[in-house]
Amino acid sequence: MPTVHIAGGGVAGLVASIVFARRGWQATVYERSPALRANGNGFPIFENGLRVLEALGLGEGIESHGHRLEHWSIYRSSGEKAAEYEPFSATGGRIVMFHRQALVDLLAEAAQASGVAIRSGSRVVGAEAEGAVLLEDGRRLDADLVVGADGIRSAIRRAVMGDLPLGEHRKGALRLLIPIEPGDFPDGNTRVGREFNDPSGRRIGLLPCSPNLMYMILVNLLSDPEAGRQPVDVELWSATFPMLRRYIERVGDQGHYDVYHSIVPPAWHAGRCALIGDAAHGMTPALGQGANTAMMTAYSLAASVSSGPSQQEDLREWERRLRPLVDFTQKYAEGITAGRLDPNNDIFFSDPGLRRLLEANIPAEFGVAAAA
Ligand SMILES: Cc1cc2nc3c(=O)[nH]c(=O)nc-3n(C[C@H](O)[C@H](O)[C@H](O)COP(=O)(O)OP(=O)(O)OC[C@H]3O[C@@H](n4cnc5c(N)ncnc54)[C@H](O)[C@@H]3O)c2cc1C
């Protein structure tokens with residue numbers, strides 16, 4: 001039985017582990033945290049991510065754990081509507097909000113049911129390109145393939161490619177969950193995502209994950225540090241977004257603040273080591289595609305690589321097929337983050353070139369219907 005050791009139990013590592021295990025590999029996930037925990041609270045899963053989940057047979061989980069949005073409205077800070085997306089017609093795809101922990105739990109359950117061994121509390125400290133992973137407890141474990149799914153500061157990447165500089169961007173964001181209160185949705189329909197942009201670079205997203213819980217993201221320029229302070233300055237943010245005071249008052253000292261980073265390594269594989277997710281292609285979150293893209297690269301790697309003599313060719317072919325789409329997505333997101341594209345217009349695959357690439361790269365070989 002071929003063996004794969006996967007560093008990192010985030011969405012990328014879990015998706016890959018399920019597919020490897022179902023293809024007959026002995027798959028083990030090493031996660032440094034004592035339990036599989038999801039930072040970041042909530043996120044939208046777009047058509048590409050949903051198709052990966054469906055290809056894993058998790059369609060029912062999408063229904064039971066996700067919250068499908070019917071509209072996504074973009075407003076200026078003045079309250080004037082700038083754009084309105086109806087997910088099916090404008091973007092060619094669905095948008096389903098997830099509480100992150102619910103998604104990780106769903107994937108972990110599927111991984112265990114598929115025979116994946118999850119070793120939490122196991123930090124990976126290095127790897128060897130010949131096919132070995134090094135654990136903090138001193139063990140060196142051989143594998144037919146080592147997968148770095150250990151995030152933007154990947155130890156696997158560092159071990160096989162050296163210290164590569166992370167892309168620095170000019171923004172950061174606070175993410176949290178707030179309870180939904182009566183009056184938050186005037187007509188009672190919680191299937192609406194709302195985003196508010198101010199020319200100062202401040203942005204607030206309000207995205208319900210369920211009828212009771214809302215994912216909230218507050219974005220600021222790093223050159224505007226007052227807006228990045230915790231606890232959030234209610235008066236400062238309410239002065240920019242007066243109509244959102246009721247939500248800003250619910251933030252308090254909750255949430256986790258992250259500065260935006262990206263990484264573009266020269267290759268996604270070296271010897272018997274492959275990188276997926278943020279370890280391979282961490283990107284700025286302007287398009288909400290980091291985790292969605294991570295699921296695609298993870299699925300495609302595990303679905304296409306072999307343990308035999310063709311492995312190097314399989315890895316090259318996997319990267320050749322996926323990388324143009326992912327590079328394009330990274331650049332597109334970066335363009336919005338850098339202010340070169342208008343966040344009121346240029347979001348969510350409105351670009352036909354990106355949509356064509358996306359549709360061509362969804363892993364159709366595993367029974368996923370072609371894009372509508
Ligand atoms: C502000 C912000 C907003 C975002 N919004 C969105 C969004 O709306 N939509 C979206 O799709 N994406 C979004 N993202 C991006 C998304 O969070 C990432 O792209 C996604 O989590 C990547 O998944 P991953 O599994 O590759 O890495 P991670 O989620 O980082 O998981 C890596 C895992 O590896 C573990 N690990 C790390 N090092 C080691 C080690 N040495 N040994 C063992 N385990 C290790 C970590 O504990 C973690 O569990 C956002 C990111 C930010 C910063």
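Which element gives the most to the shell around the ligand?

**View 1. Residues surrounding the ligand in the predicted model.** Helix α10 gives the most to this shell, contributing four residues. In total, 32 residues surround the ligand, and the closest are Gly 8, Gly 10, Gly 151, Gly 277 and Gly 290. Two or more residues each come from α1 (11–22), β2 (26–31), β3 (42–46), β13 (167–179) and α10 (290–304). Sorted by class, the shell holds 13 nonpolar, twelve polar and seven charged residues.

**View 2. The open sheet of six strands.** The strands follow the order β8-β2-β1-β12-β19-β18, with mixed pairing. The edges are taken by β8 (117–120) and β18 (269–270); each has a single partner strand, so one side of each is left without a neighbour in the sheet.

**View 3. Strand β12 and its two partners, β1 and β19.** Strand β1 (residues 3–7) runs parallel to β12 and is joined to it by four bridges; Val 4 has Leu 145 of β12 as its bridge partner. Strand β19 (residues 273–275) also pairs with β12 in the parallel sense, over three bridges, and here Val 146 is partnered by Cys 273 of β19. Within β12 (residues 145–148), Leu 145 and Val 147 point one way, whereas Val 146 and Gly 148 point the other way; all are buried.

**View 4. Helix α1 against the sheet strands.** Helix α1 lies across β1, β2 and β12. Relative to β2, α1 runs at about 165 degrees.

Notes
Residues are numbered from 1 along each chain as its sequence is written. This is a predicted model: local features need pLDDT of at least 70, side-chain atom pairs count only at pLDDT 80 or more; totals for chains, interfaces and linings use all residues. A residue is near a molecule or strand if its C-beta atom, placed from the backbone, lies within 6 Å of it. Ala, Val, Leu, Ile, Met, Phe, Trp, Tyr, Cys and Pro count as nonpolar, Asp, Glu, Lys and Arg as charged, and the others, Gly among them, as polar. A residue is buried if 20 or more other C-beta atoms lie within 10 Å of its own, exposed if 12 or fewer, and partly exposed in between; C-beta atoms are placed from the backbone. Two strands pair if DSSP finds at least two bridges between them. Two residues are in contact if their C-beta atoms, placed from the backbone, lie within 7 Å. Axes are lines fitted to C-alpha atoms, for helices over the stretch in contact, and angles run from 0 to 180 degrees between N-to-C directions.
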